[in-house]
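I'd like to walk you through one structure, so please have a look at it while I talk.

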Amino acid sequence: MALVECKEPVFDRQVEKILEGLGEGKGREEVAKGLGYKNPVSMDNYMRRRNFSWDSKSGKFVPASERYGLAKVTPFVDS
């Protein structure tokens, strides 16, 4: 299994608006439409380019380094 090298997330004005909208309990579709995106996938792509990943359990974007970083990798021990 290859490890994913994750960069630090980029917090700009648009990212802050997206995170704020989701934090207020709005859905991805509502936030995307309110910010002028054609669809939620466009917003997801924007967030991925800023090093965020969608966490379906919590229903929000989290830094990719938290989701795919080395802390989440469990060592494989061959017995």
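Let me start with a question: is F11 buried, partly exposed or exposed? With a relative accessibility of 49%, F11 counts as partly exposed. The cut-offs here are under 20% relative accessible area for buried and over 50% for exposed, with partly exposed in between, using a 1.4 Å probe and protein chains only.

Before I go on, a word on the model: it is predicted, so local features need pLDDT of at least 70 and side-chain atom pairs count only at pLDDT 80 or more, while totals for chains, interfaces and linings use all residues. Residues are numbered from 1 along each chain as its sequence is written, and side-chain values use heavy atoms, with hydrogens and water left out.

Now the overall layout. The chain has four helices and two strands, in the order α-α-α-β-β-α along the sequence. These elements are DSSP runs numbered from the N terminus: helices are H or I with at least four residues, strands are E with at least two. Of the 79 residues in the chain, 28% are buried.

On to the core. The largest nonpolar core has 11 residues, among them I18, Y37, Y46, F52 and F61. By nonpolar core I mean buried Ala, Val, Leu, Ile, Met, Phe, Trp, Tyr and Cys residues joined through side-chain atoms within 4.5 Å. Helices α1 (13-23), α2 (28-34) and α3 (40-49) each give this core at least two residues. If you click on I18 and skip its neighbours within four places in sequence, you find it in contact (heavy atoms within 4.5 Å) with V31, L35, Y37, M43, Y46, M47 and F61. In soluble globular proteins, nonpolar side chains tend to be buried together.

Next, the strands. β1 (residues 52-55) and β2 (residues 60-63) run antiparallel and are joined by four bridges; strands pair if DSSP finds at least two bridges between them. F52 sits opposite P63, and W54 has F61 as its bridge partner in β2. Four residues lie between the strands of this hairpin, and G59 there has a positive phi near 70°. A phi near 70° also turns up at N51, which is a residue other than glycine. N51 belongs to the loop between α3 and β1, and at 18% relative accessibility it counts as buried.

Finally, back to the aromatics. Rings of Phe, Tyr and Trp (its six-membered ring) pair if their centres lie within 6.5 Å; planes under 30 degrees apart are stacked, over 60 edge-to-face, and the rest tilted. That gives three aromatic pairs. One of them is F11 with F52, edge-to-face at 5.3 Å centre to centre and 90° between the planes. Why does this pair tie together parts that are 41 residues apart in sequence? Because F11 lies in the segment before α1, while F52 is in strand β1. F52 is buried, at 3% relative accessible area. Y37 and Y46 also pair: their centres are 6.3 Å apart and their planes at 55°, so this one is tilted. Y37 is buried at 17%, and Y46 is buried at 12%.
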